[in-house]
Amino acid sequence: MYYDICIIGAGIVGSLIARQLSKYKVKIAVIERHVDVSMDATGANSGIVHAGYDAKPGTKKAKFNVSGCNMMPGLCDNLSVKFKKTGSFVLAFDQEGEEVLQKLYDSGIKNGVTDMAIVDKDFILKREPYVNPLVTKALYAKNAGIVSPYKLNIAAMDNAVMNGVKFLRETEVTGIEKEDGLFHISTEITGDICSISKLDRIKEEDRTDITAKIVINCAGAHADEISRMAGDDSFNIIPRRGEYILFDKTEGSRINTVLFQTPTEKGKGILVTPTVDGNLMIGPDATVADHKDDKCTNSENLDYVFKTASQTYTRLNIRKSITVFAGIRATPDTSDFIIEESKKCGNFINVAGIESPGLTAAPAIAVYVEDIVKSLMEMKEKAKDQYTMKVRHDKPFSEMTNEEKEAACKSDELCRKIICRCETVSEREIVSAIYAPCGARTVDGVKRRTRAGMGRCQGGFCAPHVMRILSEHTGIAVNKIAKADADSCILGRHSRD
Ligand SMILES: Cc1cc2nc3c(=O)[nH]c(=O)nc-3n(C[C@H](O)[C@H](O)[C@H](O)COP(=O)(O)OP(=O)(O)OC[C@H]3O[C@@H](n4cnc5c(N)ncnc54)[C@H](O)[C@@H]3O)c2cc1C
């Protein structure tokens, strides 16, 4: 199958680029090795929209961080994704820490960050009474916020697919050859979910015989391998793991602001943050991962995360933790984002080394890449009624007023069936998630879209119901319903076999 543009990787960067380019009259495919979007770095990070004071002035990181932060509220509004402008504190506990704050403030000014101030203890404790009272000062950045990274990623791909982008799931790029100005992309099929699901029925040949005029490499931690396939070995990616502990919603309401400690050379330090859905989260540490997909957690690292976060925030109660997870940072050996047409291979664009603040920067990166593509190929915009940059979602059942709930239940039987009791998710929401443009095909896919399974019991009660609903609507046998990718089936066989 020929495409004008092939994007490799359906994290936030690849998905927002696909959306940005979907307004043009070009044929676009996004090739993703997993069954869903947002299954790597974008699915496991802090979800902070950074204000932009800690990136080194003059770097791409600084430029795209600040502009991405400014774009984020509008983008979230267009995609019906929650964004909360919480502000952030970087906390100092001694003279040395205060000097770091001043340096951060100065680089923030150079980067063009607005609404920043160094504030005193009274200001901090008035806003956040459970911060360690030994705090002396903080850098307050009013524009920082929080977002659900995977919901933003899903909405971006939904929007791209609505505009005609082809999402090729379970397809891993294994080789790239260029001949007569065309890229031939070799792939391997990584799973059978999208070929057996009656909602997709993607043919094998559509995923194995791919040619393209322009390739955009958004492969996260694997971007150096993809670049080498195209003959460009100018950078390497070092995977660095960060581990998190997530707490029950009872803990989330006690904190309003993102709390950072002063950064070290390893990163921004351990943070304490509310999530946009009302939980409390602490993390991440920074350790070199054994390999690029090493998302394991270990108790030593989690102990470190807990102890370090407890130095900032006095109310942490480990008994209120509900899950732990890890994400992999794609740290480049160039120490800055790599966003350019390859110097060694024309029409091949690297969007690589997008470590933190890559989530924040992604909306600005997408616009920048749009300009690069426009410089390589003639791009005509579709007529205004041929595409949209907005996605509308129904209000989640849990957020409806009593009157709205009553009306919804009267008109729709599936609204009456509450599948996830922890998060009050109805069967209607799960069915809608399955039929969305980039629909859920797995238990985790439903979880990320609807929050069924995100609560205190972590899917202990609702997972079998979610599996039944997935099976009914996708036509996939229930023993083939997977948690994440195709090799993670939950049932070994039908229980009555
Ligand atoms: C611990 C941690 C905390 C972070 N916190 C923040 C934060 O608070 N704020 C912030 O702004 N940023 C944060 N970041 C950074 C942010 O998460 C990343 O910059 C962003 O998610 C990168 O998105 P991406 O699309 O480049 O990569 P990814 O989300 O990793 O997506 C890359 C995709 O490429 C696919 N792929 C790889 N190889 C192939 C192949 N051969 N064929 C097909 N597909 C392939 C992968 O499967 C994956 O889906 C954090 C990152 C980590 C790890």
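Predicted model: local features only at pLDDT ≥ 70, side-chain atom pairs only at ≥ 80, totals over all residues.
Local features here need pLDDT of at least 70 and side-chain atom pairs count only at pLDDT 80 or more, while totals for chains, interfaces and linings use all residues. Residues are numbered from 1 along each chain as its sequence is written, and side-chain values use heavy atoms, with hydrogens and water left out.

**View 1. The β19–β20 hairpin.** Strands β19 (residues 338-341) and β20 (residues 348-352) run antiparallel and are joined by four bridges. (Strands are DSSP E runs of at least two residues and helices H or I runs of at least four, numbered from the N terminus; a pair needs at least two DSSP bridges.) Look for Ile-338 opposite Ala-352 in β20. Six residues sit between the strands, and Asn-347 in the turn has a positive phi of about 65°.

**View 2. The largest cavity.** A cavity is a set of points on a 1 Å grid over the protein atoms alone where a 1.4 Å probe fits but cannot get out; a pocket is an open set with protein on both sides within 12 Å along at least five of seven lines, and lining residues have an atom within 4 Å of a point. The count is one cavity of 30 Å³ or more, and the largest has a volume of about 50 Å³ (the space filled by probe spheres set on the points, which are joined across faces, edges and corners). Its lining includes His-50, Asp-54, Phe-260 and Lys-268.

**View 3. The second largest pocket.** This one has a volume of about 1,100 Å³. Of its 46 lining residues, Gly-43, Phe-325, Lys-447, Arg-448 and Met-454 lie nearest the centre. Elements giving two or more residues to the lining include α5 (149-162) and β18 (321-332).
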